[in-house]
Amino acid sequence: MDQKLALDIMLRGESVFLTGPAGSGKTYVLNQFIKKARKAGMVVAVTATTGLAATHLNGTTIHAWSGLGVRDELEPGFFENFRKDRKKLIKETDVLVIDEISMLHDFRLDMIDAVCRQIRKVDAPFGGLQIVMCGDFFQLPPVNRRGSREGGFVVRSRAWDDLDPVICYLQEQHRQDDEQFLDILNALRAGDVRRHHAEALLERVDVELPSHHDVTELHTINVDVDAMNAKKLALLKGKEHRYTLSTVGANNYVETLKRSCLAVEDLVLKQGALVMFLKNNSEQRYVNGSLGTVVGFEAGTDYPIVQLLTDNREIVVEPDTWELRDGDVKRASLAQVPLRLAWAITVHKSQGMTLDAAKIDLRKAFVEGMGYVALSRVRGLQTLSLVGINRTALRISNEALQVDKLLRGKAEHDVRRFAAAV
């Protein structure tokens with residue numbers, strides 16, 4: 001399906017699943033739809049499964065929008081404690097967008113459906129909302145943490161079956177312009193990586209990338225990211241400036257909140273440090289995921305001054321807060337300067353990004369799809385340097401392959417159904 005037909009189908013009011021390979025323009029189509037729907041007077045709630053993914057659409061997380069927060073089930077009394085302002089928001093919404101849907105658990109989509117039906121008092125899928133889901137099941141799956149409820153892809157959910165979304169499967173490529181690299185990525189998606197594909201990747205090991213600024217490194221685990229960022233920081237001359245996280249609330253709630261946000265316990269910065277913002281700013285001066293360089297520190301407050309890489313604006317970054325609420329009750333809050341070092345980030349946090357160049361370490365890849373996500377962040381082999389790669393990085397889950405086969409079949413049917421109608 002091309003972008004125009006997908007956009008036309010969404011503008012008709014159909015609930016859809018927008019999918020396609022990395023770089024096929026899913027975020028572009030979503031942005032066009034959101035702009036046109038709002039211009040037509042529709043109230044569009046823009047959400048994603050992670051804060052970082054939400055920044056690409058200037059939205060919020062689906063967990064925050066739905067009022068679910070970090071819970072795994074709708075406990076007794078949940079709706080009695082539901083915040084009035086959130087009820088109003090859900091009732092007034094016409095369209096709900098959920099990006100990076102591959103990372104949402106099936107049971108959570110059912111919970112979102114239940115919330116919408118209950119709050120909107122409409123016994124129809126998602127309370128009658130138009131649902132626009134976007135993502136790629138070849139990318140990162142839902143994370144099952146020890147001690148938490150386990151789940152799988154949203155296609156297993158009752159809500160998905162009830163909704164029966166139109167499948168808009170984009171086929172065009174708008175990120176990669178390197179035919180050899182595209183062949184490798186397509187082989188990864190098909191679960192058919194051959195010897196010549198692997199050899200082409202191995203030729204990129206330890207390649208020096210020409211760059212006028214620091215190249216972001218992608219690692220698979222947090223400990224390697226932290227080590228690389230600490231090493232880079234140590235190489236900078238100048239005084240260290242330290243910012244310590246402060247908390248309010250019972251320990252169990254504070255620990256839950258810490259796990260659900262990216263705030264750093266002990267943030268250490270120097271002039272010249274490459275940093276990433278961790279929150280949307282209320283005045284829209286920056287968004288979660290924006291990159292910048294520390295260029296100084298404000299006299300009197302010692303707050304860092306960050307120059308954004310996108311437009312060179314300089315911003316004094318003041319402490320911000322994160323809250324954990326249960327209905328109208330605030331259970332815990334954290335306060336910290338909303339920055340973290342960004343010479344290195346995890347593959348999980350890179351999902352949805354386009355990087356001009358990247359140095360990628362896949363030696364410790366531990367989940368299928370991780371290699372595809374990391375490699376598809378760059379435009380071609382010439383902008384890629386590998387530290388190393390393991391077999392897991394070259395694998396795609398059998399479930400993703402099976403789901404994709406079903407989606408492609410339905411997508412072909414939906415193309416024929418709508419091509420003549422729009």
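Colleague: Which residues does S333 touch, not counting residues up to four places away in sequence?

Modeller: In this predicted model, S333 touches S246, T247, V248, L257, W322 and E323. S333 itself sits in strand β16, residues 329-336.

Colleague: What does K36 touch, leaving out residues up to four places away in sequence?

Modeller: L7 and L11. K36 and L7 are 29 residues apart in sequence, and their C-alpha atoms are 9.6 Å apart in space.

Colleague: Which residues of helix α1 are buried?

Modeller: In α1, residues 3-11, the buried ones are Q3, L5, A6, L7, I9 and M10.

Colleague: What covers the buried residues of α1?

Modeller: The cover includes β1 (16-19), α2 (26-39), β5 (130-134), β6 (166-169) and α14 (398-419).

Colleague: What happens just after α1?

Modeller: G13 takes a positive phi there, about 95°.

Colleague: Now β1. How do you know that both faces of β1 are covered?

Modeller: V16 and L18 lie on one side, F17 and T19 on the other, and all are buried.

Colleague: What makes β1 a partner of β6?

Modeller: Two strands pair if there are at least two bridges between them. β1 and β6 have four, in the parallel sense. V16 stands opposite V166 in β6.

Colleague: How many bridges join β1 to β5?

Modeller: Three, and the two strands run parallel. Here V16 stands opposite V132 in β5.

Colleague: In what order do the six strands of the open sheet come?

Modeller: The order is β3-β2-β4-β5-β1-β6, and the pairing is parallel.

Colleague: Why do β3 and β6 stand at the edges?

Modeller: β3 (60-61) and β6 each have a single partner strand, so one side of each is left without a neighbour in the sheet.

Colleague: How many bridges join β4 to β5?

Modeller: Four bridges join β4, residues 95-99, to β5, and the strands run parallel. The bridge partner of I98 is M133 in β5.

Colleague: Which strands does α2 touch where it packs on the sheet?

Modeller: α2 touches β1, β2 (44-48), β4 and β5. Its direction makes about 165° with that of β4. α14 also packs on the sheet, touching β1 and β6, and its direction makes about 100° with that of β6.

Colleague: Turn to helix pairs. At what angle do α5 and α6 pack?

Modeller: About 90°, with the axes of α5 (residues 84-92) and α6 (residues 106-120) 9 Å apart. The range 65 to 115 degrees counts as roughly perpendicular. α5 and α6 are therefore roughly perpendicular to each other.

Colleague: What makes the contact of α5 with α6?

Modeller: K87, I90 and K91 of α5, with V115, I119 and R120 of α6. These residues divide into three nonpolar, no polar and three charged.

Colleague: At roughly what angle do the axes of α8 and α9 cross?

Modeller: Roughly 120°, where the axes of α8 (residues 179-189) and α9 (residues 195-202) come within 10 Å. That makes α8 oblique to α9, since roughly perpendicular runs from 65 to 115 degrees and roughly antiparallel is over 145. The crossing is left-handed.

Colleague: Which residues meet between α8 and α9?

Modeller: Q180, D183, I184 and A187 in α8 meet H196, H197, A200 and L201 in α9. The contact divides into four nonpolar, three polar and one charged.

Colleague: In what order do the strands of the five-stranded open sheet come?

Modeller: The order is β14-β13-β12-β11-β17, with antiparallel pairing. β14 (314-316) and β17 (339-341) stand at the edges, each with a single partner strand, so one side of each lacks a neighbour in the sheet. Neighbouring strands are turned by 45° against each other on average, direction ignored.

Colleague: How do you know that β12 and β13 pair?

Modeller: Pairing needs at least two bridges. β12 (residues 291-297) and β13 (residues 304-308) have five, in the antiparallel sense. F297 stands opposite P304 in β13.

Technical notes:
Residues are numbered from 1 along each chain as its sequence is written. This is a predicted model: local features need pLDDT of at least 70, side-chain atom pairs count only at pLDDT 80 or more; totals for chains, interfaces and linings use all residues. Side-chain values use heavy atoms; hydrogens and water are left out. Axes are lines fitted to C-alpha atoms, for helices over the stretch in contact, and angles run from 0 to 180 degrees between N-to-C directions. Angles under 35 degrees count as roughly parallel, over 145 as roughly antiparallel, 65 to 115 as roughly perpendicular and the rest as oblique. A crossing is left-handed if the near helix is turned anticlockwise from the far one by less than a right angle, and right-handed if clockwise. Contact means heavy atoms within 4.5 Å. Ala, Val, Leu, Ile, Met, Phe, Trp, Tyr, Cys and Pro count as nonpolar, Asp, Glu, Lys and Arg as charged, and the others, Gly among them, as polar. Buried means under 20% relative accessible area, exposed over 50%, partly exposed in between (1.4 Å probe, protein chains only).
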